[in-house]
Amino acid sequence: MEAYTGFAEVYDLFMEDVPYEKWCSYLTELLTEYGIEDGLVLDLGCGTGIMTELLAEAGYDMTGIDQSEEMLEVAVMRRETSGHDILYLCQDMREFELYGTVRAIISNCDSMNYILKEEEFLGILSSAARNYLDYGGLFIFDLNTEYKYRELLGEQTIAENRDEGSFIWENYYDEEKMINEYHLTLFIREDSGYYRKQEETHYQRAYPLDQVVKLVEQSGLQLLHIYDAFSHEPAGPESERVHVICRRRTPV
């Protein structure tokens, strides 16, 4: 089933505990560290646009790409409220296209884990390196780690019940294929007061860090750091989430 159809309606409700402001501060710190304080930035896999809006508020000229029309509908409503001049494009991030280059590309909330094939993961990096990043521009993305899927998520069930909607989130991790399957059962409250049941299945892939290093090198990007999430400390074997910071090389 296509991911983020029914869940788009309640996504922000169940993600309200995510520290988006902290996340944005961390990203802007990284961008500023490499001299990117303004200019064009792409949010790849932008979802409902919360991070896109925060980065626009921080002074960046934002474009958001997502393949879910339902998620983008929420993002557009958020843009109408904020008044920020954000361009949203409905595209598959595996085949994204821009009108020109940008100073930075960011991809948050494990969007890159949704890329299940190594060649497609490499394709995204290569497209950034060859076509859409300014020279010296950054590609910053986060990943849930193999450790997190194996030790924390695999075979776990998460459930939450609220008046506006409820969900049951069942996880199954295949260690051999390094694929985590999320089965979502949603109960979404309608205007009538009744609840509509909807089911979705999501798949994410774990990428060991040595594989990430290899793919970044093959793409032509320069790997700067792989940090333990929200820090400047190197990722370790028990990191649950990592941030990968890459740069497009400047011609000599």
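Here are some questions and answers about this predicted model.

Me: Which element gives the largest share of the largest nonpolar core?
Reply: That core has 30 residues, and those with the most contacts inside it include Phe 121, Leu 125 and Phe 141. Among the elements giving two or more residues are strand E1 (39-44), strand E4 (102-107) and helix H5 (118-132). The largest share, 6 residues, comes from H5.

Me: How many residues are in the second, separate core?
Reply: Nonpolar side chains in soluble globular proteins tend to be buried together. Here a separate core sits alongside the 30-residue one in the list of cores. Its members include Cys 24, Met 51, Met 62 and Ile 140, and its size is 29 residues.

Me: Is Ser 111 buried or exposed?
Reply: You'll find Ser 111 in the loop between E4 and H5. Its side chain reaches the backbone oxygen of Gly 45 at 3.4 Å, and Ser 111 also touches Leu 44 and Met 93. The cut-off for buried is under 20% relative accessible area, so at 9% Ser 111 counts as buried.

Me: What separates the C-alpha atoms of Gly 35 and Asp 66?
Reply: Gly 35 is in the loop between helix H2 (20-33) and E1, and at 40% relative accessibility it counts as partly exposed. Along the chain, Gly 35 and Asp 66 are 31 residues apart. Their C-alpha atoms are separated by 27 Å.

Me: Which residue follows H6 with a positive phi?
Reply: Helix H6 spans residues 146-153, with Tyr 147, Lys 148, Tyr 149 and Leu 153 buried. Those buried residues pack against several strands, including E5, strand E6 (157-161) and E11. After H6 comes a phi near 65°, and the residue is Glu 155.

Me: What length does the polar contact between the side chains of Gln 204 and Tyr 149 have?
Reply: Gln 204 is in strand E9 and is buried, with a relative accessible area of 1%. Its contacts include Asn 113, Asn 144 and Tyr 182. Its side chain makes a polar contact of 2.7 Å with that of Asp 110, while for Tyr 149 the value is 2.5 Å.

Key:
Residues numbered from 1 in each chain as written. Predicted model: local features only at pLDDT ≥ 70, side-chain atom pairs only at ≥ 80, totals over all residues. Heavy atoms only, no water. Core = buried A, V, L, I, M, F, W, Y, C linked by side-chain atoms within 4.5 Å. Buried < 20%, exposed > 50% of the residue type's maximum accessible area, 1.4 Å probe, protein only. Helix = DSSP H or I, 4+ residues; strand = E, 2+ residues; numbered from the N terminus. Polar contact = N/O pair within 3.5 Å; in protein donor to acceptor, adjacent residues only side chain to side chain. Contact = heavy atoms within 4.5 Å. Lists of a residue's contacts leave out its neighbours within four places in sequence.
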